Amino acid sequence: MSDMRVSYGFAQAEQVAHDGTRLLIGPEATSFGLREMLRRFPTPTPPAHLDEKAFASAIAKLYGNSGDEDAVLFDLGDADEAALQQRDLLDDPSDAPVIRLVNQLLKKAVQRGASDLHFEPYEGGLRVRARIDGFLLPIYDEADVPLARVVSRLKVMSGLDIAETRLPQDGRVGLRVGGRKIDTRVSTLPSSYGERVVLRILDRDANLMPLEALGISDRHVRILERLAARPDGIILATGPTGSGKTTTLYSLLKLANRDERNLITVEDPVEFNLDGLNQTQINADIGMTFAAGLRAALRQDPDVILVGEIRDQETASIAGQAALTGHLVFSSLHTNSAVGAVIRLRDLGIEDYLISATVRGVIAQRLLRNLCDDCKEAHSPTPEHVALFAAEDIAPPDVLFRAKGCESCGGAGYRGRIGIYDLVEIDDAVRAAIDRAAPEAELRDLTGGSGLMREALGKVASGVTDLAEVERVLGTGR
């Protein structure tokens, strides 16, 4: 690409860019921008007139993987005036290297699809790690780093008190990276060698995938489509932290999102912006808990409600009553299996009759890393592998694959993740068993046991992942 290319900031402000072959013109292109492009590219090129969304997407793609520092922009949003003044003090020329370092690390984390970014001080240096596909990977490790200035930069961006170093603090900062809107939650924690900072990265412009693309089987998709069309009841997603429950719930919400329905979400935090939804942010510090948010949502004439998580008896009880009174409720629970959701609701103090009357379906899920297609290597299954497939009534494949590692996957051997799912629909037999307080073992027998291992081995047989990854996520005997 020509080195006469304009900066990202110029392209965004003046609504003009050049992709190397043609002139890109946004809906609000300025005469100054057009004159500058004609000066830089005097040879006529065919222009492309784009609408706002198409232009933003085009420059995001054009600048997203560049080294252009302007491709990372900050929007303090909720920061107060004092924080803005502090930011001005930090933006003096002497801090330019620190600003560039923070920008580069944030940009690298977003481009690599990291969910979290950890700034970890140690004696004489700073290590930065990004959580990618569930694993923390080092992206920076240097001695003699001005740690206090790096932390101050992060604090000012997120509207935190730079003078307070003894107490934990929480904040947020809005980023725009190559045109993409990123919401970053910031948490600080004092440590032996300075303050540790962790950033949770939420891509507000991420496109939600349909259920099939998440890895859910066609049979399960048909069941979920039927459940999402119901006028009432509770649909639960279960699994450990980081297993993709929120993404699944949002995809289900898209199934339920119709013009004649009023959809309200109560979340902590709001992870995706979706058209047609009324999304509410939890703030426990001022009393806006899940239970309080759910109560308020019920006064807004909802048809469908998403509650980010059921954490206590009060939230579970309100969700159950909402389902009984004609609302469709989506939520999540931290349990290891689909049947375990029933036991967890009992532990929270919910009566069996209310569980059986309201819960329509439960999804248990995990995330498995995909093998890198560029370097995965084939091997023959051992007798132990064959027995493992046979135990789940799956024909053992002639060839299995395992991770190796190459440049394209950063040596990990894996790239990206896919979900595995076990769906239990609460039918009459299961409902009757819940009503009479049947134990977990009986409920598991009625529902055919956990299907997660079966789903996982299916992914192994098709070459998507390997047995080492299944062992890591599910262990043995599940």
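**Figure 1. Helices α17 and α18 of the predicted model are roughly antiparallel to each other.** Helix α17 spans residues 452–461 and helix α18 residues 467–474; they pack at an angle of about 160 degrees, with their axes 9 Å apart. The pair is therefore roughly antiparallel, a label given to angles over 145 degrees, whereas angles under 35 count as roughly parallel, 65 to 115 as roughly perpendicular and the rest as oblique. Axes are lines fitted to C-alpha atoms, for helices over the stretch in contact, and angles run from 0 to 180 degrees between N-to-C directions. Helices (H or I, at least four residues) and strands (E, at least two) are DSSP runs, numbered from the N terminus. The contact (heavy atoms within 4.5 Å) involves L452, M453, A456, L457 and V460 of α17 together with L467, V470 and L474 of α18. By class, this contact has eight nonpolar, no polar and no charged residues; Ala, Val, Leu, Ile, Met, Phe, Trp, Tyr, Cys and Pro count as nonpolar, Asp, Glu, Lys and Arg as charged, and the others, Gly among them, as polar.

Residues are numbered from 1 along each chain as its sequence is written. In this predicted model, local features need pLDDT of at least 70, side-chain atom pairs count only at pLDDT 80 or more, and totals for chains, interfaces and linings use all residues, while side-chain values use heavy atoms, with hydrogens and water left out.

**Figure 2. Helices α10 and α11 are roughly parallel to each other.** Helix α10 (residues 290–298) packs with helix α11 (residues 313–324) at an angle of about 20 degrees, and their axes are 8 Å apart. Their crossing is left-handed. On α10 the contact is made by F290, A291, L294, R295 and L298, and on α11 by E314, T315, I318, A319 and A322. These residues divide into seven nonpolar, one polar and two charged.

**Figure 3. Three strands form an open sheet of mixed pairing.** The strand order is β1-β2-β3, where two strands pair if DSSP finds at least two bridges between them. At the edges lie β1 (16–18) and β3 (47–49), each pairing on one side only. The twist averages 20 degrees from one strand to the next. Strand β2 (residues 23–25) pairs with β3 in the parallel sense over three bridges; L24 has A48 of β3 as its bridge partner. Helix α2 (residues 31–40) packs on the sheet and touches β1 and β2, its direction making about 20 degrees with that of β1.

How values were computed
Left-handed = near helix turned anticlockwise from the far one by under 90°.
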